Amino acid sequence: MSEVKFSKEHEWIKLDGDTATIGITQHATEMLGDIVFVELPEIGASVAKDGNAGVVESTKAASDIYTPVSGEIIENNQSIVDDPAKVNADPENEAWFFKLKITNKSEMDSLMNKEEYEKFSKESGN
Amino acid sequence: MNNKKTALYNLHEKKGAKFVPFAGYEMPIQYSEGIIQEHKYTRSNVGLFDVSHMGQLFIKNENELTEDLEKIFPLDLKSISLNQSKYSFLMNEEACIYDDLIITKIKDGYNVILNAACKNEDFEIIKKLLDNKYEMTLNSSLSLIAVQGPKAAAILKDMIKGTENLSFMNGNFFRYLGENIYITRSGYTGEDGFEISISNNKVEELAENLLLKGAKLIGLGARDTLRLEAGLCLYGHDLDIKTTPIEANLNWAISKKRLIAGGFIGFDKINSQINTGTRRLRVGITPMDRIIAREKTKIFNKGNEIIGEITSGTFGPSVQKPIALGYVDSKFSVLDTEVFLEVRGKKYSARICKLPFYKKSYVKGANK
């Protein structure tokens with residue numbers, strides 16, 4: 001299994017062969033607060049790097065979810081639609097958002113590793 | 001931008017508050033446990049809210065104060081008893097609402113609790129309407145805290161004897177920390193509770209003592225979900241200067257007696273709206289799906305025509321479903337009418353529903 005990478009929009013991505021699993025980071029959930037609604041992209045949909053790929057709503061506000069890489073959605077995690085609180089409980093494991101078949105693996109190169117992401121999220125303060 | 005801080009700012013910070021600017025103040029939106037936990041704790045136990053940003057206006061009794069106030073507020077102030085509180089609103093001639101408020105008859109005058117964002121303008125409006133005849137103070141040396149929840153009466157009684165005997169929407173002075181503090185049985189969460197006015201230099205000690213008794217600090221985030229579940233209006237959202245109390249379905253707050261005799265600002269408009277109806281009305285709305293319709297969400301009828309707009313919407317942690325308040329064309333205000341809410345370009349079915357979303361548990365007649 002490859003290393004987990006992170007985007008500036010606070011998504012994490014794990015690549016396994018051609019399949020990327022994508023979710024939002026612990027840091028993102030802390031900023032958002034209690035998540036009460038999740039909307040996921042439909043299976044079969046094509047999504048482009050940095051494009052819209054779902055929505056989360058906390059008690060406070062709605063936030064868009066972006067995909068850090070391009071591809072075709074092959075799976076989405078209905079369990080977080082049914083129980084959005086799971087996203088707060090375990091954002092970087094059980095509460096993944098969707099899986100996609102990656103079209104261009106080189107898009108992974110521009111993403112941050114864990115160390116870089118931690119530094120980024122601390123410095124940006126958001 | 002230099003926002004003001006309340007006297008409890010340091011305590012909020014110590015308890016892990018996330019601050020947001022609100023009406024010129026740095027206010028806690030939530031603490032470390034988050035909005036849902038805070039909300040549920042208030043419903044099951046007791047929450048402590050810092051509402052010191054709200055205006056505490058005192059108008060000193062002289063001359064014809066009660067009569068003069070009756071020219072402003074649609075209340076039967078002559079008949080209310082000493083220490084009784086009433087919900088009301090400050091209106092213009094067109095019966096449009098400058099602010100909603102709680103007015104209490106106290107020994108030497110009246111006490112009016114005003115919204116933070118409106119308090120300074122309210123002060124000027126009221127002063128002008130009273131022809132500058134009375135001594136008026138917007139007292140910033142006092143803090144205001146709300147203690148809300150089913151255990152509020154029990155913990156407060158342990159600290160301040162006699163508070164348990166207050167009836168809902170009644171107040172009195174109590175002795176605490178060497179001071180006379182004013183406590184009313186009231187709140188804005190749909191729970192039994194109290195609002196306590198105490199000087200800025202004593203409020204932290206009072207708050208710490210309440211926390212020791214088991215109260216938890218609750219931020220503005222949960223205050224909003226609590227009041228919305230209780231179907232209560234938030235000024236600047238569900239009420240504003242383009243809205244009348246009749247449109248807002250707040251007829252209950254207008255004294256029946258005053259509606260016969262009139263003689264208050266906005267009476268003509270209110271009277272005509274009661275008789276002929278209004279074009280739009282405030283209603284409760286429940287989305288059928290798990291979607292949240294936020295403020296400004298457009299409301300449609302079956303024929304795809306816009307019939308209104310959401311003014312507050314959230315996910316209700318106690319009712320476990322999305323809830324909203326909004327205004328619709330009056331013919332669509334009938335209970336169970338199907339409407340459609342446009343969220344992110346898609347239309348979702350919703351129903352007009354009864355308010356409150358969450359059943360209130362106020363203590364009406366405590367033992368006197």
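His10(A) sits in the loop between β1 (4–6) and β2 (11–16) of chain A; helices (H or I, at least four residues) and strands (E, at least two) are DSSP runs, numbered from the N terminus. This is a predicted model, in which local features need pLDDT of at least 70, side-chain atom pairs count only at pLDDT 80 or more, and totals for chains, interfaces and linings use all residues. As for labels, residues are numbered from 1 along each chain as its sequence is written, while chains are lettered from A and ligands numbered from 1 in the order in which they are written.

His10(A) is not a glycine, yet it has a positive phi of about 70°. His10(A) counts as buried because it has 26 C-beta neighbours inside 10 Å. The term "buried" applies if 20 or more other C-beta atoms lie within 10 Å of a residue's own, "exposed" if 12 or fewer do, and "partly exposed" in between, with C-beta atoms placed from the backbone. Chain B also has a positive phi in a residue other than glycine: for Lys296(B), the value is near 80°. Lys296(B) belongs to the loop between β14 (280–287) and β15 (298–300) of chain B. With 11 other C-beta atoms within 10 Å, Lys296(B) is exposed. A cis peptide bond links Leu355(B) to Pro356(B), with omega about -5°.

Next come the strands of chain A. An open sheet is built from three strands in the order β4-β6-β7, with antiparallel pairing; two strands pair if DSSP finds at least two bridges between them. At the edges are β4 (35–39) and β7 (62–66) of chain A, each of which pairs on one side only. From one strand to the next, the twist averages 25°, where axes are lines fitted to C-alpha atoms, for helices over the stretch in contact, and angles run from 0 to 180 degrees between N-to-C directions. Strand β6 (residues 52–58) of chain A and β7(A) are antiparallel and share four bridges. Val56(A) is opposite Ser63(A) in β7(A).

Strand β7 of chain A also holds Tyr66(A). Tyr66(A) is buried, because 20 other C-beta atoms lie within 10 Å. Not counting residues up to four places away in sequence, Tyr66(A) touches Glu9(A), Glu11(A), Asp50(A), Gly51(A), Asn52(A) and Ala53(A); two residues are in contact if their C-beta atoms, placed from the backbone, lie within 7 Å. The C-alpha atoms of Tyr66(A) and Ser7(A) are separated by 9.2 Å, though these residues are 59 residues apart along the chain.

One of the bridge pairs is Ile73(A) with Leu100(A) in β9(A).

Chain B is divided into domain 1 (9–52 + 141–229) and domain 2 (279–353), with bounds that come from an automatic or database domain assignment. The C-alpha centres of domain 1 and domain 2 of chain B lie 31 Å apart. Even so, eight residues of domain 1 of chain B are in contact with eight residues of domain 2 of chain B. On the domain 1 side, α2 and α7 of chain B each supply at least two residues. That side divides into two nonpolar, two polar and four charged residues; Ala, Val, Leu, Ile, Met, Phe, Trp, Tyr, Cys and Pro count as nonpolar, Asp, Glu, Lys and Arg as charged, and the others, Gly among them, as polar.

Then there is the largest nonpolar core, with 122 residues; those with the most contacts inside it are Leu48(B), Ile145(B), Val147(B), Val328(B) and Val339(B). Such a core is a set of buried Ala, Val, Leu, Ile, Met, Phe, Trp, Tyr and Cys residues joined through C-beta atoms within 7 Å. Domain 1 and domain 2 of chain B each give this core at least three residues.

Finally, the two chains meet: 13 residues of chain B are in contact with nine residues of chain A. On the chain B side, α2 (35–44), α7 (220–229) and β16 (306–316) each supply at least two residues.
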